[in-house]
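Here's a quick briefing to read alongside the model. Have a look at the sequence and the fold, then go through the points below.

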Amino acid sequence: MSPGRTIGALLAAVVVATVASLCLGGRVFSPVEVGQALWSGDGSSHDQVIRDLRVPRTIVGLLVGAALGLSGALMQGLTRNPLADPGILGVNAGAALGVALAITQWGIVRPGGQVWFALAGAALTTLVVAVIGRPRRSGGDVVTLTLSGVAVGAVLTGITSGLVLLHPRAFDSMRSWNAGSLAVVGYDRVLAVAPFVVAGIVLALVLGRSINALALGDDTAQALGVRLVRTRVLALVAVTLLCGAATAAAGPIVFVGLMVPHIVAALIGPDHRRVMVCSLLAGPILLLGCDLLGRYVAQPRELPVGVVAAAVGAVLLAVVIRRRS
Amino acid sequence: MSRVVAVRLLGGRISGRVRVRGVLGVLVLLGVALAVGVASLPSPDAGVSLGETVDVLAGRGTRITELVVLEWRLPRVLTALLFGAMMGLSGAIFQVVTRNALGSPDVIGFSSGAYTGVLVALLVLDLSGPAVPVAATLSGLLTAGVVLGLAGHEGLRGARFIILGIAAGALLSSVNTWLVLRATAEEGLQASQWGVGTLNGITWADLRLTAGCALVLLPAVMAVARPLALHELGDDVATALGLRLRSRRLLAVGAGVALTAVTAAVAGPIAFVALAAPQLARRVVGGSPPALVASAAMGAVLLAASDLVAQRVFAPTALPVGMVTVVLGGCYLAWLLYRRG
């Protein structure tokens, strides 16, 4: 497919996913009903479900999906590691621990406050994992970096679970957040994370050309005029913004950032800049799709989107591993 | 460092070579395990001190202290020691077979897989008793079979095996969450806690069941796994020595999975003991392939100590021991990776 057509098709799919996310669920609405509720709502319980639950849920799904998809593509290009993913490399676990600390230690319940802790947690974790999984002469970098992320992520997730367990009341308002969920988010959360997601997206797209060159190897990239240190630092800033904000919004979600770039690359080829743009669009489709699936498979309750994404993503990870070799 | 002594018993009918450091190390570890076990017996929450515990053990306890120590504390402490030993042994077998410190059943998803079997047995099929560990073992073996099959020709020795195992673990833990959500009234918060192994609420009945399984498994495991240490000499040498490698390895993996599965059936998937015990045991007793007995003893020490920490550190709230092992074990794994040249 030509790039223009691919982007067009992806945009159409984003629209479909958005409409489906607004209409489907425990109560099913027709698109017309949704439209009426949005433009001429009279405050019926109907309208309230759409306006106060479905709309923020869908917007957060779009933002988080875009952030995770793009950060996955960015990390895979940056580390030349096809298994890089903000979940697998522990970054989301770090952001989640930041939020859990904010809630339990300082009683911060406003999303606008929590997001800063998420960003700090994501930044620190990125640094720690990068140091532990640093490239070695002896090779084997893919496995070492991946396992470093898994190890650090396990530790941070364990601490977060402990905090949640010790302070059950503090988490009352965010019951399913720790499993990765879009179910209960309000407009305050949307507004708190949106600026960071947008900033991260802009920064990542600006870096696109340099990331493309980096994928060819450090020497070639330097010869092409890429400033290695500056590019890496800025890319880490972008990753931190995207993952921190996404986790503050929806909890730690693994594998979305892994899956999206691989699916996209299978469709359009390995050009990192294009993969990044398309991942930005494919991420929301995948995340909203997982969220929709979660609304139905465990009825009468909902399965958190993070659980669905982990299941779908693990299968894809197996496929990716099988195909490399 | 590695002094070897020849031992002859019964006029030479039983003879063998014994590494002095190995034997001393195992004795020390057993002593530490015993000490941790005794230290775990008192219950500050129930107002039973160490002195009263000693009284109970000497047969001079009151009815209440006997109830607390013998009925509440003792089964839990014994379970921690036994499970720790089983996990340590299982980890050692896997690490010998995969020749990789990271190839242990908790890292590569077999514990989660066994736990899926437990949940299916309990929540979907309504089974109980000895059927649960059997279901756990079958499910663990199935997981191992699928991961091995996917790993293809590289088999047990490749990095692919480990990454695929991690993927299987992630998939199965979300399946576990789904099973729990489907079948119980627990909401997201509790559901996200599921699958963290815990020894809270262990009874004598649990312990009897597991001890029965262990009695069957342990001798079989030792018989299968001991000669595997020869693999460290390399496949060629081992084949020349007449070992049928492939079948024996698969048998050993099966035994290792069964050991993990039995613990998961009762306590859930407790992470990282199987990973850390053999590596730490090696540092005590030396030797390049992880020694089986020493790994088991180290596992007992680790799990009993972790459970003690889990109960005391935020008392009166008892954390699931899996939370403590995941934090300690994850740090240890990170350190192992950090030091890799």
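**Quick look at the two chains**

Of the 325 residues in chain A, 55% are buried. Keep in mind that this is a predicted model. Chain A is built from 12 helices and 0 strands, and it touches chain B through 42 of its residues, which meet 38 residues of chain B.

**Fold and overall shape of chain A**

- Going along the sequence, the pattern reads α-α-α-α-α-α-α-α-α-α-α-α.
- The C-alpha trace spans about 65 × 50 × 35 Å along its principal axes.
- A compact globule of 325 residues would have a radius of gyration near 20 Å, so the 19 Å of chain A agrees with that.
- Among contacts with a separation of 6 or more in chain A, 77% link residues 24 or more positions apart.

**Where chain A meets chain B**

- On the chain A side, 42 residues are in contact with chain B, and the elements giving two or more of them are helix 6 (141-166) and helix 12 (305-323) of chain A.
- Helix 6 of chain A gives the most, with 17 residues.
- By class, this side of chain A has 27 nonpolar, 11 polar and 4 charged residues.

**A helix pair in chain B**

- Helix 5 (residues 131-151) and helix 6 (residues 159-183) of chain B have axes that come within 9 Å and cross at roughly 135°, which means helix 5 of chain B is oblique to helix 6 of chain B.
- The crossing of helix 5 of chain B past helix 6 of chain B is right-handed.
- Residues making the contact include Val146(B) and Leu150(B) from helix 5 of chain B, and Leu164(B) and Ala168(B) from helix 6 of chain B.
- That contact has 8 nonpolar, 2 polar and 1 charged residues.

How values were computed. Residues numbered from 1 in each chain as written. Chains lettered and ligands numbered in written order. Predicted model: local features only at pLDDT ≥ 70, side-chain atom pairs only at ≥ 80, totals over all residues. Contact = placed C-beta atoms within 7 Å. Helix = DSSP H or I, 4+ residues; strand = E, 2+ residues; numbered from the N terminus. Nonpolar A, V, L, I, M, F, W, Y, C, P; charged D, E, K, R; others polar. Axes fitted to C-alpha atoms, helices over the stretch in contact; angles between N-to-C directions. Parallel < 35°, antiparallel > 145°, perpendicular 65-115°, else oblique. Left-handed = near helix turned anticlockwise from the far one by under 90°. Rg over C-alpha atoms; globule rule 2.2 N^0.38 Å. Buried ≥ 20, exposed ≤ 12 C-beta atoms within 10 Å, placed from the backbone.
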